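Here is a short briefing on how two protein chains meet. Have a look at the structure, then read on.

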Amino acid sequence: MTIRADVVVIGGGIVGAACAYYLCASGLEVHLVERRFPASGTSRACDGLILLWDKTPGAELALGQASAALWTELTESLNADFEYARNGTILLAEGDEGLVAGGSKAEAMRAIGVRAEVLDRSGLRSLEPNLAPNLAGGVFFPDDAQVDARRATLALLSAAQQEGLTLHANTEVIAIRRTTSGNRRVSGVVTGAGEIATSTIVCAAGVWSNDVARLAGIELPIRPRKGHILVTAGVPGLICHPLLEGGYVSTVQSAAEDLQVALVAEMTAGGTLLLGSSRQFAGFDRSVSLAVLQAIATRAVRFLPSLAKVGVIRSYAGLRPWSPDHLPLIGPLAAIPGFYLATGHEGAGIGLAPITGRLIGDWILGADLPPVAAQVCPDRFDYQLSEGSGQN
Amino acid sequence: VAATELAVVGAGPAGLAAAVTAARAGVHVTLVDEYPRPGGQYLKGTSSPVTATEKQGRALLRDLAELDVELRTETLVWGIEGLRLALHAPHSLDWLEARTLVLATGARELVIPFPGWTLPGVMTLGAAQILAKEHGIPAGRRVLLAGSGPLLLPVANELVRLGAEVVAVLEASHLGQWFRHAPATWGNWDRLREGWHYLSSLRQARVPYRLGRTVIRALGSPPAPAKGRAERRGELQAAVVARLDRQGHPVPGSEKTVDIDALCLGFGFLPNVELAQLAGCAHEFDTARGGWVPRVDERMETTVPDLFVAGETAGVGGAGSAMMEGRIAGLTVAQRLGYISESELARELTGLAKRYRRLRRFGAMLNTLFAPRPGLDATIADETPICRCEEVSAEEVRAAVARGVVELDALKTWTRVGQGACQGRTCGPVLARLIARETGRSVAEVGVFHARPPLKPVPLGDLALEMCE
């Protein structure tokens, strides 16, 4: 039996959920197809930070600011607790050199309207008394926030379902159909459970987007960038703000193939501490590397000495969808009419999910687009087409 | 990096047998165990052995002391990469590079929860057994035992010996079809004698052994206000007992309340397969072996070459078959490393084959006969806490299932189950049963939680130590 939909979203992570939410809110008939279950990929193997200061001024920061505002809106409109907390974050400086760099970062951010407060040694200690006493200081960014990524994904999906979303979990996409004549627009999605006829497809499959894009006949430049997180036993109150070490941004922006580690510490509502972060290109292998766990533990104890006696209860590794220019791919692809991308967010998918959903909605409905839309449009890259693919 | 020809993880009956057998053939063996002394749960304490199997186990401990086996006690295997074990002892980390591996990590108890099961005074049969055997302390003054399987009997006897009043032993199974399984008991005289010995001493002590009954609710005293924030939880005062129908559903109207101060529970054993999972061994679901077990060939080798499993890890079967499997694995390792020839190995294995098959058959019979019936999950009322670490109730689990969750792994996304300190070891199997019941799928289809390092909590300060490379 063939069903019909205005839009089929492929991928039930946070980005797919946000796309579905904004598309449903504008009255479209939307179906979401997820290979396993909601948030079964990267959206449950990550932290939940919504950061502004790590974004490069320009398109990236503009997206971040727009999305942060949407997150605040969503705390009202979603009517679900997804542990949103706007506690701000602290960028840690180990030595004086780091503090100088932090100072200029703070200045640059303030210049474009992001609040930032430089902390000296004692200022840092008064905000976070459990930090190592020999740290030079830091920068406090009061506008940053955090969510529980899994809960946020489920909250977006639930709200979308109330607006009419049809969710197909445990359903794999086998083929993407395109018309034979004319511009060869997409015409349907074939799944293990049947076929959905549609003229619009949104690929929000994160790191697995290429598997979907190949079905449509195109090759994407997305690569999996692996990250590890350690979870500690409950230490409620040990830190009051998410903490990031100064070297964090350089590990994000580095194109190095090998392992990069910088401390990220985030307290969950349950009282456990999430400790990251690592970045490495290691294919699609999601197994946990013991050496990486050790490297993160070493950084964590350096900054938070009282963690030394706290047990690590588990760990996980996730894959970030890396894009070559550190900007996501959001919007239509000229080569395949009706095929939209919402992917390539690397480690910023949680923060940027709402703006991604909003932009996809604007594109599909033909609404006025903000200037940033052009900068994240997928057509900034050249693509390899495989003409044989894209079933009829 | 320390190196060894054979690393054995777990020094219970199976691990001891593997280590002793291989060492005797000349293999350099390192035996790793979390506890301060080898022996596992089975050979804990110093009480004189009752059964032939226990005597055999004690003999292995003596052999171990005489052989040149490197013993690493109080050592946790927290991760594995290839055949390299990541070890943690207090304030030290080490790699152990092994040419061959035998995982003999034992089993844990299954507890099917009901309202009140987290009250102080409620414990597992195993915990009651350790209290009794190691410390000479009975679980309480008026004790009720409930659950399923052979362990109920020795624990009840132990409690009687220590002077506790054992109100009753409730076996959930009806054992109604036992005669169908009678052929499997043939030849297992020692085990039958053991069972008979326990049953008759319970009868002498006038302890009733009731079939087809279980506890459906534990009642506590009202919570007492205490100093500080949290009020003290009430203590166990009574249990509500009900008759069960053939499918394990409590029969309405059959409830009786019994005053007690301790309740010991155990619904059989589940293999500890987390390390084997982490090592990448393929697993299969087999009720006759106690649930999820690594797939093995007749020489106990898993799908990962040179990696063997033995004992309860390979399938719940009791100490007798565990020692046999340890021996089979130990001999195969000795052959693999060139200490004995293939023909010697074949001869030894042929000699063991008949007895092993007999023990295995008996173990499978017990696992099938005492397997908790699906109806028992009906005792998991909505308010029952299922995940103790994260305080998730059965109601939340059922709500997630109603929203479309059909597998265990997905439930972790919808609720916080399995994310606490025990990593779902306790709640995972119960949750699998519950999802299966609510969705009409089989427990096997519902799947498992994935094991991740560290397998048990390791302090961050210790993780930050240099690994000796």
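**Where chain B meets chain A**

Arg36(A) and Glu407(B) form a salt bridge, with their closest N and O atoms 2.8 Å apart; the term stands for a side-chain nitrogen of Lys or Arg within 4 Å of a carboxyl oxygen of Asp or Glu. This is a predicted model, in which local features need pLDDT of at least 70, side-chain atom pairs count only at pLDDT 80 or more, and totals for chains, interfaces and linings use all residues. Residues are numbered from 1 along each chain as its sequence is written, chains are lettered from A in the order in which they are written, and side-chain values use heavy atoms, leaving out hydrogens and water.

**Extent**
- In contact (heavy atoms within 4.5 Å) are 35 residues of chain B and 34 residues of chain A.
- The two chains bury about 2700 Å² between them, and carbon and sulfur atoms give 56% of that; buried area is the accessible area (1.4 Å probe) that two parts lose on being put together, summed over both.
- On the chain B side, Thr413(B), Arg416(B) and Leu460(B) lose the most area to chain A, together 25% of what that side buries.

**Strands across the interface**
- Strand 19 (residues 311-322) of chain A pairs with strand 22 of chain B in the antiparallel sense, over two bridges; pairing requires at least two bridges found by DSSP, and strands are DSSP runs (E, at least two residues) numbered from the N terminus.
- Within strand 22 of chain B, Val458(B) stands opposite Val312(A).

**Salt bridges in total**
- The rule finds three salt bridges across this interface of chain B and chain A.

How values were computed:
Helix = DSSP H or I, 4+ residues; strand = E, 2+ residues; numbered from the N terminus.
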